[in-house]
Amino acid sequence: MYMEKYLDVINACRFCFMCRHLSPLGNVTFKEADTPRGRALIMDRFRLDRANMNNSDYIQTIYESPLSAACRFHCVSHYDEAGLMLAGRKDIVEAGLAPEAVKTLAEELKQAQFKVEGAGKVLYYRDPYSDNADAFSGCKVISGGDTGKALEVLGFSADAEAVFKRFKQAVADSGCDTLVCSCPASYDMLKNKLDGVKVLHSSEYIEGRKGSGQVYLLESDYLKNYNNMTSAADMLIRLGYELKPFGTNREESYTAGEAAVVYDKLYPRLAEKLCERIVELADDPGKDILVTASPYTKAVLKKYAPQLKVMLLDEIAVKGV
Ligand code: SF4
C-alpha cells in the first residue's frame, strides 16, 4: 500500500494535536477527524486492517481534507501529513473505493484535450478557473482542461499521467521554451514534470505596474506551503503596495481549498464554510482588498463571499487596485 511509505507520519500524527489550529477544515467543522491527528488515526485503521477501508465515513474524511499542508509546513518535524492523504487516496482508488462523486469527476477530468492558440514565444497555461487573459496578451495560450494535477490529488495517478502526456505533447508542439501559469497547483506539478521547458509562476514573470495602498495577501498553499516561495508577496512589495497581515496569524491557510484543486466541485458546502471563515476574519469586509495568486481561490470567494473585494495577483499587477 502507498500509505506504508508514511508509517512515520501515521505514528507521529495519530497521538499529536500540536497543529490542530492550522487545519482549515477543522477550524470550520470543529471535528477532530478533520485534523492531521484524526486523519492519521483513520489511516492507522486502514493499515491495521484493510477491511476498515469499507467504512465510507473514513473514506469521505480522507477526501474532504483540503490538503493545505499548513500543518506540515509549520510542524516542527515537518511530518508529511498532506503526503499521507495523497498516498491514502491512491490506495483507496486502487481498491475501487473512491466515493461515487469523486469517480464521476475523475471521468470528466480524464477527457481534457489541449489546444494552443495565438502567437508569441512564451506559452501561457489558462487553467479552468482563470479569467485573466489581459496579463498575457503577448503569449500563446494553451487551454482545454486541468493538466492532470486534479486527477493526481484525487488519487488517480495513471489517469493523471495520461492527461499530462497529452498536455506535454501540446506544449512541445507549440515550439515555446517557456511556460507561465497563474494557477499555483498547476505550477507545482509542471515545474517538476515538464522537462526541457522553463516553467514560471506568473508572480515570477509579470513585471507589473507601480501601485500604492494597503492590500491583504491570502497566501497560496502551493506557493508557500508546498514550495516555500515568497514571490507573490515580493511582487506586491516591489510594485509599491503595503502588505497588511490577514487573519489572526500568518500560519493558517486562507485559500478555501486551493490545494485540493477541485474542492468546490466535490464539497461545495465545505468550500462555502471555508469562505465564511475568510469573511469572519477580514478586518473590514467589503472595503479591504484581498489579493490571491490562485484563480481557484478567487473564483470560489467570488461565488461564496461576493461581498469581499478579491483580486488576482495578475490582475492587480496589470490594472492596479
Ligand atoms: S504534522 Fe506535526 S504537529 Fe501536526 S499532528 Fe503531525 S506531528 Fe503533530
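Guide: Begin with contact: two residues are in contact if their C-beta atoms, placed from the backbone, lie within 7 Å. Take L84: leaving aside neighbours within four places in sequence, L84 is in contact with M3, Y6, V9, I10, A40 and M43. This is a predicted model: local features need pLDDT of at least 70, side-chain atom pairs count only at pLDDT 80 or more, and totals for chains, interfaces and linings use all residues. Residues are numbered from 1 along each chain as its sequence is written.

Visitor: Is A317 buried or exposed, and why?

Guide: A residue is buried if 20 or more other C-beta atoms lie within 10 Å of its own, exposed if 12 or fewer, and partly exposed in between. A317 is buried because 23 other C-beta atoms lie within 10 Å. A317 sits in helix α17, residues 313-319. Helices (H or I, at least four residues) are DSSP runs, numbered from the N terminus. Beyond four places in sequence, A317 touches A135, I206, G208, M235 and L239. L239 is 78 residues from A317 along the chain, yet their C-alpha atoms are separated by 7.6 Å.

Visitor: How does D44 count, and why?

Guide: D44 counts as partly exposed because it has 16 C-beta neighbours inside 10 Å. D44 lies in helix α3, residues 36-48. Its contacts, leaving aside residues within four places in sequence, are I10 and R14.

Visitor: Which residues have the most contacts inside the largest nonpolar core?

Guide: A nonpolar core is a set of buried Ala, Val, Leu, Ile, Met, Phe, Trp, Tyr and Cys residues joined through C-beta atoms within 7 Å. The largest one has 105 residues, and L84, L179, A271, C275, V291 and L301 have the most contacts inside it. Helix α6 (residues 81-94) gives the largest share of this core, seven residues.

Visitor: Which residues are around the ligand?

Guide: Near means a C-beta atom, placed from the backbone, within 6 Å of the molecule. The residues around the ligand are A12, C13, C16, M18, C19, P36, R37, C71, R72, C75, Y79 and E81. Helices α1 (7-13), α3 and α5 (70-74) each supply at least two residues of this shell.

Visitor: How is the chain divided?

Guide: Domain bounds come from an automatic or database domain assignment. They give domain 1 (2-98), domain 2 (108-205) and domain 3 (214-319). Between domains 1 and 3, 15 residues of domain 1 are in contact with 17 residues of domain 3. On the domain 1 side, α5 gives the most, with four residues.
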